[in-house]
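Reader: I've got a model open on my screen and I'd like to learn how to read it. Could you walk me through it, one feature at a time?

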Amino acid sequence: WLYAVVGPARRAGRLTPLLILTAPLIAVVIAPWAWATYREYGEPFFTYTKFYPYNFSWTVHHFDQGNTRPDQFYRPENVPGIVEAKLKTIAIIPAYTTMILGLPLVLGFLARILRPRESVTRDIDRLALFLYLIFGLATLVQVVDVTQVRQLGRYYLPVFLIMLPTAAAGLLGWADRQFLPDSNRRWLLGALAALLWAAPGWAYDATWYVKPFQTRWPALLEAGSWVRDNPSQVPTDARILTWFPWEMRIASDRTTILFPRALEGGAYELSRLRDAIQRYQPTHVLWGSFEPMPESDPESLGRYLEALRADLGIRESDLIHTSPPRTPHPVRLYRLPGSGP
């Protein structure tokens with residue numbers, strides 16, 4: 001819609017028909033999710049990222065303090081950090097784009113934008129550039145946590161897909177302008193395809209597409225169903241500390257808290273867990289479904305996790321539910337000492 005206002009629909013005088021035709025369709029698509037979100041959060045388009053602009057860390061929900069307000073963040077002592085984060089964002093977005101799409105494709109995209117060859121596709125190319133700039137501007141305005149900006153591959157994936165046809169057309173146009181023989185052109189494109197397929201930069205940021213999370217979901221779903229069926233053990237106002245907070249939130253219909261992710265962090269992880277328990281006051285902890293680092297030794301990790309649980313004071317007598325036998329990645333639900341009904 002925004003591009004249509006400043007682009008082809010406005011120039012052709014077709015903006016009003018476009019809005020009339022598309023508005024009902026968009027409303028039908030959005031309405032079910034908006035209604036479900038409204039029932040759950042009291043607003044139709046809730047997103048936890050709305051708190052990102054006012055925090056240097058995405059871990060922004062403080063149970064004892066509430067969410068950071070603008071007047072708490074935009075203070076003189078924070079100005080150097082804000083400026084540094086914005087400058088880093090401006091540098092990271094184009095740099096990571098070249099690493100994710102690949103430098104040849106980025107150069108092809110720029111060549112297509114700067115030297116258009118076919119007027120019939122000009123608006124498509126402009127739309128791709130427009131969306132990329134909007135994504136970048138939104139990141140600059142909405143995100144102050146540089147670590148989140150560095151993960152833009154997973155957030156920018158939709159706009160990267162839209163940019164690919166323009167980038168490929170620009171690359172092919174460059175090959176045509178060089179008057180490369182057909183045989184050489186095939187070698188060039190074949191080599192490019194092989195390089196992109198061998199180690200695509202986006203694979204690191206889209207790992208949730210290929211990681212075996214699907215095998216973890218049955219245990220989480222079963223545990224969440226058990227929680228729903230046993231409100232006497234896990235009341236509706238309970239708060240569950242878990243490795244998969246968003247998934248368990250959906251499965252259990254309970255408030256969840258992120259388990260600090262620093263496996264094998266020793267005393268450091270123990271202190272982070274104690275701090276999370278003190279700050280967010282969870283009542284239960286879902287133990288298991290942990291995703292170890294690739295170099296971790298499963299046997300030593302198992303012993304470490306059991307020792308960590310013991311150091312937190314979570315005893316076997318606090319166990320209230322375990323996954324059924326033969327469940328992939330089983331979990332155990334514990335009641336935190338002093339917090340149960």
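Reader: How many helices and strands does the chain have?

Author: Helices (H or I, at least four residues) and strands (E, at least two) are DSSP runs, numbered from the N terminus. Here the chain has 16 helices and five strands. Mind that this is a predicted model: local features need pLDDT of at least 70 and side-chain atom pairs count only at pLDDT 80 or more, while totals for chains, interfaces and linings use all residues. Residues are numbered from 1 along each chain as its sequence is written, and side-chain values use heavy atoms, with hydrogens and water left out.

Reader: What share of the residues is buried?

Author: Buried means under 20% relative accessible area, exposed over 50%, and partly exposed in between (1.4 Å probe, protein chains only). Of the 341 residues in this chain, 35% are buried.

Reader: Now salt bridges. How many are there?

Author: The general idea is that side chains of opposite charge can pair when their charged atoms come close. The rule asks for a side-chain nitrogen of Lys or Arg within 4 Å of a carboxyl oxygen of Asp or Glu, and the count comes to ten salt bridges. Take Arg112 and Asp125, whose side chains meet at 3.0 Å, N to O. Arg112 sits in helix H6 (residues 103-114) and Asp125 in helix H7, so this pair ties together parts 13 residues apart in sequence.

Reader: Are Arg112 and Asp125 buried or exposed?

Author: Arg112 is buried, and Asp125 is too.

Reader: Which residues do salt bridges with shared partners join into one network?

Author: Start with Glu316 and Arg309, whose closest N and O atoms are 2.9 Å apart. Glu316 is partly exposed at 44% relative accessibility, whereas Arg309 is buried at 7%. Salt bridges with shared partners join Glu306, Arg309, Glu316 and Arg332 into one network. Within it, Arg332 bridges to Glu306, again with closest N and O atoms 2.9 Å apart. Arg332 belongs to strand S5 (residues 331-335) and Glu306 to helix H16 (residues 298-311), so that pair ties together parts 26 residues apart in sequence. Arg332 is partly exposed at 24%, and Glu306 is partly exposed at 32%.

Reader: And which contacts span the sequence?

Author: A contact means heavy atoms within 4.5 Å. Among contacts in the chain between residues at least 6 apart in sequence, 62% join residues at least 24 apart.
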